[in-house]
Every structure is written in structure tokens, then in C-alpha cells.
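Biologist: Before we start, I would like to learn how to read a few features of a model. Please take them one at a time.

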Amino acid sequence: MNTINDFYQKLEEANKTAKIPRIITSGQGAYLTIDGKKKLNLCSSHYLGFAVDERIKRAVKDAVEEFGVGTGYRTLAGTTALHLKIEESLARFKHAEAAIILTGGYMANCAAIQTIIGKEDIVISDELNHASIIDAVRISGVKNKLIYKHVDMADLKAKLQVAADIQKTPKANGDTPLVLIVTDGVFSMDGDLAPLPQIVTLAEEYGALTMVDDAHGEGVIGRGGRGIVDHFGLHGRVDIEVGTLSKAFSVMGGFITGKKVLIDFYKQKARQFLFSNALTFPDLAAVREGVRILETSDEQVTKLWENAKYLKAEFGKLGFDTGKSETPITPVMLGDEQLAISFSSKLFALDVFATPILFPMVAKGAARIRVIPSASHSKEDLDVGIKAFTTVGRELGVLK
Ligand SMILES: *Cc1c(COP(=O)(O)O)cnc(C)c1O
């Protein structure tokens, strides 16, 4: 048999165990339609309900009416006044000097690291960082990757010491190697926060750059959803903040905020910026309206937290283990993979949609159902979910 046939055969084998996602035939509100039935949506990252917000829908319709859809390459014929305006407003929202928009949080992480870090520099990364950070570090080609234990500041300090030793040998061009500490702001599977004040203090002590991925922080924590830097009052002390427009902002895209000189450099050099298209008008219009809503009212953010607190308190009273989350991310810890899978399918039979989170998204033996309430849920909606979790929890012996 020839190699190519072999190759396709192997793919076919591998595809046999593929997980098939449920097919959704509605928008991403408090409820979804799946298999023609209404299901309570308890696992999307549309924290603020912007995916179906009437104001955002109207803003997008108006923009499409005026501009159509596509833009272009930012460096060629795709930089519109709207891109610049939204970069300005995202920078203002994050209290940063400047912002650059890319086509995703994944792209933004890759751009943020690859553009400034070369193989002789040093990256120090939390072991539970998002896959896009891991890939970003990989494509930078950096040799000195130091991984510290999750949120363990003693270990971070030890890694900074190792980095300081490596720094004693200059790079081929005579420069001192850069040290970059990178962390998720909110860890997406557990909902815990990076100890950013301590990270920043250590970075300042050792002369390292800091980068935080705020994908699950913006729109959620900080004043009016301004993110983790605002939450800890660290304005101007974190070098690179990465954001996504796909979670709380409910569209597509990512962005980086930081000092103007850094953002200008990214606009000159980031391969993800130079060789990938710019955001389309519908995305831009939705973000503009999303930022406007957040800057004029914290109603959505307040509702989100009310829902999160209620849900966590009720789950706690029932006896579920919801881990160490400090955010609306509410993992219901189950441990065993099969248990998590049957828990989710029994919920689905009760018209509640909450997917199991399994290896490699989390460690083996740490399977869970990650529940995320949003501002679009009413208390009654959450009660529907809590009731279903109670029924299934008892049936499967998770609850007494
Ligand atoms: C979702 C997520 C991303 C990826 O963002 P996209 O805009 O979907 O590409 C990056 N980092 C973290 C921590 C995330 O949760």
C-alpha cells in the first residue's frame, strides 16, 4: 500500500473517535435550539448577552446598510476609519495608550509574543495557560521556556532566578535576552485569577516584561468589565494585555493593548497583522456598540454577577464541588470522564445544555461540567438549570 493511502487510512481510524458537536439552529441567547427543541444554554462565553442584544443587532444592521461587509488587509486597502476608532475605544476602555485589533484572541497571543520574542530570549509561563499562549510561545522559536506551577509565586521567583542566570550570556547580537512572564488573567477551565499584583512586583524586581491574556476577564471583572488590570488597579504596570472579541463582546477578533510604541511596532511587524485580513464591518459595528454600552452602563455586568453568585450559592448548598472559581465560570467538578459525559447527556435529556470538559482541555481525572451563566438568564432560567442539576446529581450519586 502506498504512503498516501496509508495516511488517509490513519485519518479515518482517528476520526472514528471524533466528538461530534451538537448542531444549533438558533442564536446564542439564554436558550438554544437543538434538534428542534429549546435547551437552556449554560455553557457559552457570551457573558453579557451581546450575541442577541437588540442594540447590537441594530448597530450591525445599520453598519451593513452603510458599508456592506468586507474590509481588506490593514497594510494595503483595509484600514478604515472605523478600525482606528475602535482601536482607540478599546485602548480607552482598558485605560491603555493604544490598541491593535487582530482576527482572534489566538492570533493576538501569537502576534504579541512572536513579534518581540526571539529564540535567545526567555519566556516564563503558567502551566495552565491557554493553548493559544502555548502555541504562541512555540512559534516564537524561543529556546528558554520556563514553565511555573499554576499561580505558584515561589516557583515563578525560582524561574526568574534561572532566567537571570541565562541573561548573563548576551545574545549573538550583543543584547541581553528579554524575559517575558505570560499568564492567563482568568483561567478558563477553573475560573480562578492570576495573582497579578505579585507577578507585577516580581517582574519589576527582576526587570521582566509582563503579559496577561484577559479573554475571560474583559466584560466580566474590573469596574464595568474593564478586565483584570483594572480589577487589581495595575494600570500602566502590565506591558502587554491581550483581549478577545469572541467572549463578552460576542463577535470575532482579538486585540492587544499597551504602550503606543509597542502597538506601533506590532502594526509594523506582526505577521498575524500583516498577512491576515482585517475585521469586517459587522464585527466592528458590534464591538463599537458593545464598548458604548459598557461605557454608559454597568447593568449587564451587574446582572452577570448577580446570576453567577446565585448559581454558585445554590450549587454550593446542594453539595456540588465548584472548585476555586472567583468569576462566573462555575465548574461542577466530577473527576471521572464517563461520569461527566453521562451527566451532560442526562442534563440534555432535561433540556439543559452544558457540555462536559474532558482531557486534554483539563487534566486526566479532572473532568467537569463548566457552567457559565450570562446576563441573558433570568433567575427563573437559572432555577430550571439548578433543578436539572439536582435531579441528575442525585440520579448519578454525585449528590446525596
Ligand atoms: C477563548 C480564549 C482565547 C482565544 O480567543 P479567540 O478570540 O476565540 O481566538 C485565548 N485565550 C484565552 C484565555 C481564551 O479563553
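**Reading the model**

Modeller: This is a predicted model. Take the hairpin of β1 and β2: 2 residues lie between the strands, and Asp35 there has a positive phi near 55°.

Biologist: In which sense do β1 and β2 pair, and over how many bridges?

Modeller: Strand β1 (residues 31-34) and strand β2 (residues 37-41) are antiparallel, paired over 4 bridges. Leu32 is opposite Lys39 in β2. The covered face of β1 carries Leu32 and Ile34, while Tyr31 and Thr33 are on the uncovered face.

Biologist: How should I read a nonpolar core, and which residues touch the most other members here?

Modeller: In soluble globular proteins, nonpolar side chains tend to be buried together. The largest nonpolar core here has 56 residues, and Leu90, Ile124, Leu156, Leu160, Ile181 and Leu196 touch the most other members. Helix α11 (residues 281-296) gives the largest share of this core, 7 residues. At least three core residues come from each of domain 1 (23-52 + 298-395) and domain 2 (54-296).

Biologist: What does Leu196 touch beyond four places away in sequence?

Modeller: Its contacts there are Thr183, Val212, Ile228, Val229, Phe232, Leu234 and Val238.

Biologist: How many salt bridges does the structure hold?

Modeller: There are 25 salt bridges. In one of them, the side chains of Asp192 and Lys324 meet at 3.9 Å, N to O. This pair links distant parts of the chain, 132 residues apart.

Biologist: Is Asp192 buried or exposed?

Modeller: Asp192 counts as buried because its relative accessibility is 5%, under the 20% cut-off. Lys324, at 46%, counts as partly exposed.

How values were computed. Residues numbered from 1 in each chain as written. Predicted model: local features only at pLDDT ≥ 70, side-chain atom pairs only at ≥ 80, totals over all residues. Heavy atoms only, no water. Core = buried A, V, L, I, M, F, W, Y, C linked by side-chain atoms within 4.5 Å. Buried < 20%, exposed > 50% of the residue type's maximum accessible area, 1.4 Å probe, protein only. Domains from an automatic or database assignment. Contact = heavy atoms within 4.5 Å. Pairing = 2+ DSSP bridges. Salt bridge = Lys/Arg side-chain N within 4 Å of Asp/Glu carboxyl O.
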